[in-house]
Amino acid sequence: MRPVSTPAAPAAASAPAAIAFRGVTKIHHTPKGPFEALGGVSLDVAPGEIFGLLGPNGAGKTTLISILAGLTRATAGTASVLGHDVVADAPQARRLLGVVPQELVFDPFFSLREALRIQSGYFGLRRNDDWIDDLLHSLGLADKANANMRQLSGGMKRRAMVAQALVHKPKVIVLDEPTAGVDVELRQTLWQFVSRLNREGSTVLLTTHYLEEAEALCSRIAMIKRGQVVALAKTSELLSRASSNVLRFKLDTPLPPALAAVARVTGRVVQLPAPTAADVEHALSAIRQAGGRVEDIEIRKADLEDVFLDVMGASEGPQGRGVGATEPGPGRPNPASAPLGGSEGPQGRSVGARSS
Ligand SMILES: Nc1ncnc2c1ncn2[C@@H]1O[C@H](COP(=O)(O)OP(=O)(O)O)[C@@H](O)[C@H]1O
Ligand SMILES: [Mg+2]
């Protein structure tokens with residue numbers, strides 16, 4: 001499948017983008033030489049959007065978000081929040097932005113409520129308790145308000161991180177894999193709350209490995225791979241570009257090589273693109289001739305994960321990203337190796353493991 005792209009966000013010409021990246025490049029100097037983590041990323045997130053940034057581990061998502069948050073400097077290019085450059089106009093950009101980082105960072109000496117009050121103080125907000133209570137309630141943290149941060153479970157810490165990022169009511173909210181490794185209940189709580197904030201006017205940029213979350217939530221999606229945008233389109237448009245049907249079944253014997261080359265395999269579960277009935281017949285008869293017996297056949301519509309795998313496979317290009325390129329980048333997973341971690345588990349489907 002070809003890389004897909006559409007022009008920048010459909011924002012009114014006069015209104016600045018909620019988030020704008022222009023030619024953002026980041027080069028790390030490593031002992032092995034320069035390593036380009038981002039190679040000229042340009043994209044706009046329009047005010048009011050929920051925008052998804054997807055890519056395999058090491059693609060550069062967290063680096064891009066760190067540049068937006070002012071935690072890392074871009075080697076070249078600019079980033080801005082509602083028209084405020086994150087370097088030249090850092091205080092304004094920071095006030096408008098709330099970032100939930102991928103890593104859990106918290107001060108172990110304070111209770112949750114104290115931490116939120118201190119955070120409010122950084123933004124000059126003295127009487128913020130109504131909003132703090134709303135946050136605690138909406139995130140299911142009300143009974144943990146006086147608990148010490150270090151006593152919170154992992155899931156509760158994750159909720160606390162979200163509360164901290166939102167304590168100053170930022171207009172633009174960025175969530176970097178907020179649902180990696182968290183239970184279904186927290187995922188639902190979190191996305192309900194994020195949807196509410198979006199309805200109330202906040203713009204949201206999120207990264208997630210759970211592609212069904214992105215499919216359900218995001219109006220537009222950018223896919224990045226090895227520091228480059230390889231697809232950027234409306235979610236509906238991306239979905240319409242996938243082959244329309246997928247044949248899914250269970251099989252205990254190896255697939256014939258021609259099918260293995262295009263299959264997605266997770267344990268016994270095999271998924272094959274099959275746009276037409278003839279494709280279905282062809283696949284099943286090829287397996288029968290090879291002596292295989294299929295079970296639990298079903299045909300489903302292609303989803304965002306199919307598109308993601310197509311895009312990541314199609315964009316497999318020259319590797320030249322500097323001698324420091326120690327992380328090869330997952331690319332299209334080996335179809336024979338159950339590529340989609342946890343894809344049949346209670347957490348839903350995910351792409352790759354959580355990076356750290
Ligand atoms: N300080 C650093 N020095 C060298 N390489 C780095 C540094 N930080 C990140 N990288 C590399 O940059 C690439 C992008 O990382 P990251 O932005 O965390 O990707 P993602 O969030 O998409 O998983 C990775 O290959 C990572 O190893
Ligand atoms: Mg990351």
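Me: What covers the buried residues of helix 4?

Reply: The cover includes helix 3 (112-122) and helix 5 (154-166). Covering here rests on contacts (C-beta atoms, placed from the backbone, within 7 Å). This is a predicted model, so local features need pLDDT of at least 70 and side-chain atom pairs 80 or more, while totals for chains, interfaces and linings use all residues. Residues are numbered from 1 along each chain as its sequence is written, while chains are lettered from A and ligands numbered from 1, in the order written.

Me: Which residues in helix 4 are buried?

Reply: In helix 4 (residues 129-138), they are Ile132, Leu135 and Leu136. Buried means that 20 or more other C-beta atoms lie within 10 Å of the residue's own; exposed means 12 or fewer, and partly exposed lies in between, with C-beta atoms placed from the backbone. So Ile132, Leu135 and Leu136 each reach the mark of 20 or more.

Me: Why do the buried residues line one face of helix 4?

Reply: Look down the helix axis. The buried residues of helix 4 fall within an arc of 95 degrees, so they line one face. The arc is that of the directions from the helix axis to the C-beta atoms. Turned away from that side are Asp130 and His137, both exposed. Just after helix 4, Gly140 takes a positive phi of about 65 degrees.

Me: What makes strand 2 and strand 3 partners?

Reply: Two strands pair if DSSP finds at least two bridges between them. Strand 2 and strand 3 have ten, and they run antiparallel. So they pass that test. One bridge links Ile27 to Glu36 in strand 3. Helices (H or I, at least four residues) and strands (E, at least two) are DSSP runs, numbered from the N terminus.

Me: In which order do the four strands form an open sheet?

Reply: The order is 3-2-5-6, with antiparallel pairing. Strand 3 and strand 6 (84-85) have a single partner strand each, so they stand at the edges, with one side left without a neighbour in the sheet. Helix 1 packs on this sheet and touches strand 2, strand 3 and strand 5 (76-81). The direction of helix 1 makes about 115 degrees with that of strand 2. Axes are lines fitted to C-alpha atoms, for helices over the stretch in contact, and angles run from 0 to 180 degrees between N-to-C directions.

Me: How many residues surround ligand 1, and which are the closest?

Reply: There are 14, and the closest are His28, Ala37, Lys61, Thr62 and Thr63. A residue is near a molecule if its C-beta atom, placed from the backbone, lies within 6 Å of it. Strand 2 (19-30), strand 3 (33-45) and helix 1 (61-68) each supply at least two residues of the shell. The largest share, three residues, comes from helix 1.

Me: Which classes make up the shell around ligand 1?

Reply: Three residues are nonpolar, nine polar and two charged. Nonpolar covers Ala, Val, Leu, Ile, Met, Phe, Trp, Tyr, Cys and Pro; charged covers Asp, Glu, Lys and Arg; the others, Gly among them, are polar.

Me: How do you know that strand 12 and strand 15 pair?

Reply: Count the bridges. Strand 12 (residues 245-250) and strand 15 (residues 295-301) share five, in the antiparallel sense. Val246 is the bridge partner of Arg300 in strand 15. Five bridges also join strand 12 to strand 14 (residues 269-273), again antiparallel.

Technical notes: Two residues are in contact if their C-beta atoms, placed from the backbone, lie within 7 Å.
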